[in-house]
Amino acid sequence: MKIIAVCGLGVGSSVIAKMNIESILSEEGKDEVDVDTVDLGSIRSAPADIYVTTRELFEDFPEEDKEKTIVLTNFVDKNDIKAHLDPKMAELENK
Amino acid sequence: MDTDPKLSVDEVQLKAHASNWEEAIQVAAKPLVDGKKITNDYVTAMIDSVKKLGPYIVIAPGLALGHARPSEAVHQTGFAIATLAEPVKFGNKDNDPVDLVVILASTSDTAHLSLLQKIVMFLNDSQNLETLRCAKTREDAKHIAEQINGGDQ
């Protein structure tokens, strides 16, 4: 499984999201999940199972990727990220 | 070549004053400009990035992460933190108003990662956010910088 955090530049907020997601996955024993970052302009060349982003940027997402996307309002609250991430991952695992 | 970047006490400003979001970024970034780690071009780039991409840099309630791409305007990788005496609006529907600004400046795509990891660990803890928001004195700023630099100790 591949998760990509998307932000405007690919160096700041998406990196913070990546760090927190990796930490959550590690706690869940899911170290095999690959987490990466990308800027919004490069999303089409970065396929993923799940994208993570903010509400502002979600509006500019390619329509076909919106269904795969988790919208976060808080990039530093791990409990909040987990509450969004776990159901999405379960959904994919049960497909 | 960067040495392992650290947050200095001067880069932590408490209860700073800004009357709008642009000023908040300028004020928070000032120690990095004064310390010659970044030039004013980088400050402009951070502001332009919000104008172009929107206020998505408000990544948590009340918390803005001012940053731009690594560029020649960054001489040395560094961070700065400012709490604001009066919160300002960035135009973010979910997370306004902002009373905490973190500035990130990196010479490359990777130079900032070790310090960013430490800052993220600090921000993960809601208790730390509370401490930071209530902090007032230089002594408080020193403790905060030390705690962040020390990582999880």
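Visitor: Where in chain B does Lys36(B) lie?
Guide: This is a predicted model, where local features need pLDDT of at least 70, side-chain atom pairs need 80 or more, and totals for chains, interfaces and linings use all residues. Residues count from 1 along each chain as its sequence is written, while chains are lettered from A and ligands numbered from 1 in the order written. Helices (H or I, at least four residues) and strands (E, at least two) are DSSP runs, numbered from the N terminus. On that scheme, Lys36(B) sits in the loop between α1 (21-34) and α2 (40-53) of chain B.

Visitor: Is Lys36(B) buried or exposed?
Guide: The call counts other C-beta atoms, placed from the backbone, within 10 Å of a residue's own: 20 or more is buried, 12 or fewer exposed, in between partly exposed. Lys36(B) has 9 of them, so it comes out as exposed.

Visitor: What is phi of Lys15(B)?
Guide: Lys15(B) is in strand β1 (residues 12-16) of chain B, and it's partly exposed, with 15 other C-beta atoms within 10 Å. It isn't glycine, yet its phi is positive, near 55°.

Visitor: Which strands of chain A stand at the edges of the sheet?
Guide: Strands pair if DSSP finds at least two bridges between them. The open sheet has 4 strands in the order β2-β1-β3-β4 (chain A), with parallel pairing. Two of them have a single partner strand each, so one side is left without a neighbour in the sheet: β2 (34-39) and β4 (69-72) of chain A.

Visitor: How many bridges join β1 and β3 of chain A?
Guide: β1 (residues 2-7) and β3 (residues 50-54) of chain A run parallel, with Ile3(A) opposite Ile50(A). The number of bridges joining these strands is 3.
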